[in-house]
Amino acid sequence: MATVTYRQALRDTLRAEMIRDENVFLMGEEIGLFEGSYKITEGLLKEFGPRRVRDTPIAEEGFVGAAIGAAMLGLRPVVELMTINFSLLALDQIVNHAAKIYGMFGGQTSVPVVIRTPGGGGQQLGATHSQNVELFYSFIPGLKVVAPSTPAEASAMLKAAIRDDDPVLFLENLALYNTKGELPAGVEDLEPAQIGRAAVTRPGTDITLIGYSRMARVAAEVAETLAAEGVSAEVVDLRSLRPLDRATIVESVRGTGCAVVAEDDWLTYGIGAEIAATIQEGAFDWLDAPVRRVAMAEVPLPYAKSLESAALPSAESLLTAARDTLRATGRLALETAS
Amino acid sequence: MAETTRSAGTAAPARTSRTRGAKASGRETGRAATPAPGADVPAGSASGSGADAETLIGYYRQMLLIRRFEERAARAYTEAKIGGYCHLNLGEEATVVGLMAALRPTDYLFTNYREHGYAIAKGITPDRVMAELYGRSTGVSKGWGGSMHMFDKEARLLGGYGIVGGQVPLATGAALAVGYKGGDDVVMCQMGDGTAAIGAFHESLNIAGLWDLPAVFVVINNGLGMGTTVENSSAEPELYKRGAAYRMESARVDGTDVVAVRDAAVLAVEKARADSRPYLLETISPRLKGHSVVDPARYRSKEERDALKAADPLARIALDLAERGILSHDARDALDAEVTAEVDAAAAFADGSPAPDVSTLFDYTYATPVPGELRRLPADPVFSS
Ligand SMILES: Cc1ncc(C[n+]2csc(CCOP(=O)(O)OP(=O)(O)O)c2C)c(N)n1
């Protein structure tokens, strides 16, 4: 067992996959000489050279499309988009091409490309640099969208994504890069994860807390707080936003009878809305309280620290929603609610 | 010789090929900046001077096959056998055949949505192309693509694409992959003149120039993007000149002259293959009809329409072959009957082919299926309790 950061887990996994398969290569802005805006690719240009670690011009549509075209010929490009905010420039290539090429040509060619990209607010980067638009991609059949929350998951999921024959959006969060966790094995020996599977990361009986990426970590933290108060919370880490593991969600909520969904993006039409609808379709008769959702305030994210902090979903906002839900079911006495 | 950015050698004496092409031009129609077919182009040969009789007859046959195929497609469309959009190659046959003649079978091709002729000239049978138009499981894309999205791995047609310019980054990436694997195949990317305005075009040509990729970008300049003239959509309507901005050699050729197109394409492909340098080729290829089957092209004046008749590349090569005693009138008729029968057979094949089975609806979402993934029609329940 080794303790590593999320960043290190990604870097070691990229390296291991490049050694394993000659067809795996990296491309993106500033990933080579500069070693990555967030240093995920540190040392890789030196080790693998410019053929396998390719710095691109600032042309998101052009180079993402080129990666897709290369994947059509059997290469396994791993693209880094500096942040998910800039993925909007490549939206046509991702949504109209990567996602559709397998289907619209009757399954004759697949697109095994991985697009890694961080998102998330909290760094005072202002409205255009702080959004999470994973919803846009989760909406599209043909894409796979994953958002692992721990270093071990990130590693196992990245392996799976690189070996998968479909285009995978691999979502990272700036707030996770320095978080630590244990790898059960050396990165070379770690089993690839199963894309499309959620994980029950903590079993419980009183309430289900559902999150992904940063909010899965926050949910685990909140479950810990609730445990100290005698509440048994089950935590579901979605890990995969498309395909979505509806069975695990429904099974959990049928067990606990109530749920709160936490997402790090805007509320309206969002991923939380989809989860709430899934619960309604699959566990309505088991529900003891309405499903609640915790999300970002519906504003362009402001720069000022006070405003930005207030806008982002936090452990406090999730805890409040969980307590309200528990009160509604009678599982938490009124006076213990804050 | 202003019409090429290549250095010496490629620029044949100007205007030697203006015989029929010049008369056919739309120049007198008020679109002053639209280059006339055959005018100011480095073609260097009247139709056929650089090819033997057998080759020429072969080109003629392919052009005729594409013509008859497209006419048949237009008819089948009005009979509601074909749905959706249907963009034809009418008037662009010399370009299609000339370009494909320059490729090796192992070279790759990406096109836009106007690709029926390319599919046939790249070696896919008219049967499978027509069946795709009919939306049948025997179609080249198994009925999933239709007119705009034909694909065949064996023929190395890597797709027709419906988003203007969407294919250009993909082709660039395919060229990158060829080089990465150490092969010497070339990737040709076809597009229209309207496409030269879109961001993906510029980003891709920049990347291809920067990374020395074996890609040949071909702009089919038919003067129009739907109803918008090239002068109204491009600040520099002489599109091949854009190559200079990406340190890329480029040339413009008369797209109604099959041999001229082939020769220009051979140069471009050689450049890409031998030097791994991209190339930008512009062909001047008026389309005879509207943007798609349903477009009556009201934006064209009567004079323009008359002029277009004279620009017909098929009539041009037929006349040339007759004048030079290569193909008699009777032989031409016989060829026409043969080709028409082939197209009739394709339509019959398409008509007799089965529609894709509805049970296959979920088969092509993912190449690596996800266990337990939801596969349902809107009416199906999500969970049974
Ligand atoms: C991005 C995008 N914008 C608009 C359209 C609608 N559209 C389809 S074809 C076309 C004209 C394209 O003209 P050109 O590139 O010259 O090709 P041509 O039809 O002449 O072959 C337009 C505007 C589209 N398909 N994609």
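Tutor: Let us begin with Pro243(A), which lies in the loop between S12 and helix H9 (246-256) of chain A. Please bear in mind that this is a predicted model.

Student: What makes the peptide bond from Arg242(A) to Pro243(A) cis or trans?

Tutor: Its omega is near -10°, and the bond is cis. Most peptide bonds are trans.

Student: Why is the phi of Glu35(A) remarked upon?

Tutor: Most residues other than glycine have a negative phi. The phi of Glu35(A) is near 70°, which is positive, and the residue is not a glycine. Glu35(A) is found in the loop between strand S2 (24-28) and helix H2 (44-48) of chain A.

Student: Let us turn to the ligand. Which residues are closest to the ligand, and how many surround it?

Tutor: There are 16 residues around the ligand, and the closest are Tyr113(B), Arg114(B), Gly194(B), Thr195(B) and Asn222(B). A residue is called near because one of its heavy atoms lies within 4 Å. By class, this shell holds six nonpolar, eight polar and two charged residues.

Student: Which pocket does the ligand take up, and why is the ligand said to sit in a pocket?

Tutor: The space taken by the ligand is the second largest pocket. The term applies because more than half of the atoms of the molecule lie within 2 Å of the grid points of the pocket.

Student: What is known of the second largest pocket?

Tutor: The second largest pocket contains about 360 Å³ of space. Its lining has 24 residues, and Tyr113(B), Arg114(B), Val164(B), Met226(B) and His291(B) are the closest to its centre. Strand S3 (187-192) and strand S5 (224-225) of chain B each give two or more residues to this lining, and S3(B) gives the most, with three. The lining divides into nine nonpolar, eleven polar and four charged residues.

Student: Where is the centre of the largest pocket, and what volume has this pocket?

Tutor: The volume of the largest pocket is about 850 Å³. Among its 31 lining residues, Ser138(A), Phe139(A), Pro141(A), Arg242(A) and Arg246(A) are the closest to the centre. H10(A) supplies the largest share of the lining, six residues. By class, the lining has 19 nonpolar, five polar and seven charged residues.

Student: How do you know that a space is a cavity, and why is it not called a pocket?

Tutor: A space is called a cavity because a 1.4 Å probe fits there but cannot get out, whereas a pocket is open. The count is three cavities of 30 Å³ or more. The second largest cavity holds about 100 Å³ of space. It is lined by 15 residues, including Asn132(A) and Glu134(A), which are among those nearest its centre. By class, they are five nonpolar, six polar and four charged.

How values were computed: Residues are numbered from 1 along each chain as its sequence is written. Chains are lettered from A and ligands numbered from 1 in the order in which they are written. This is a predicted model: local features need pLDDT of at least 70, side-chain atom pairs count only at pLDDT 80 or more; totals for chains, interfaces and linings use all residues. Side-chain values use heavy atoms; hydrogens and water are left out. On a 1 Å grid over the protein atoms alone, a cavity is a set of points where a 1.4 Å probe fits but cannot get out, and a pocket is an open set with protein on both sides within 12 Å along at least five of seven lines; lining residues have an atom within 4 Å of a point. Ala, Val, Leu, Ile, Met, Phe, Trp, Tyr, Cys and Pro count as nonpolar, Asp, Glu, Lys and Arg as charged, and the others, Gly among them, as polar. Grid points are joined across faces, edges and corners, and a volume is the space filled by probe spheres set on the points. Helices (H or I, at least four residues) and strands (E, at least two) are DSSP runs, numbered from the N terminus.
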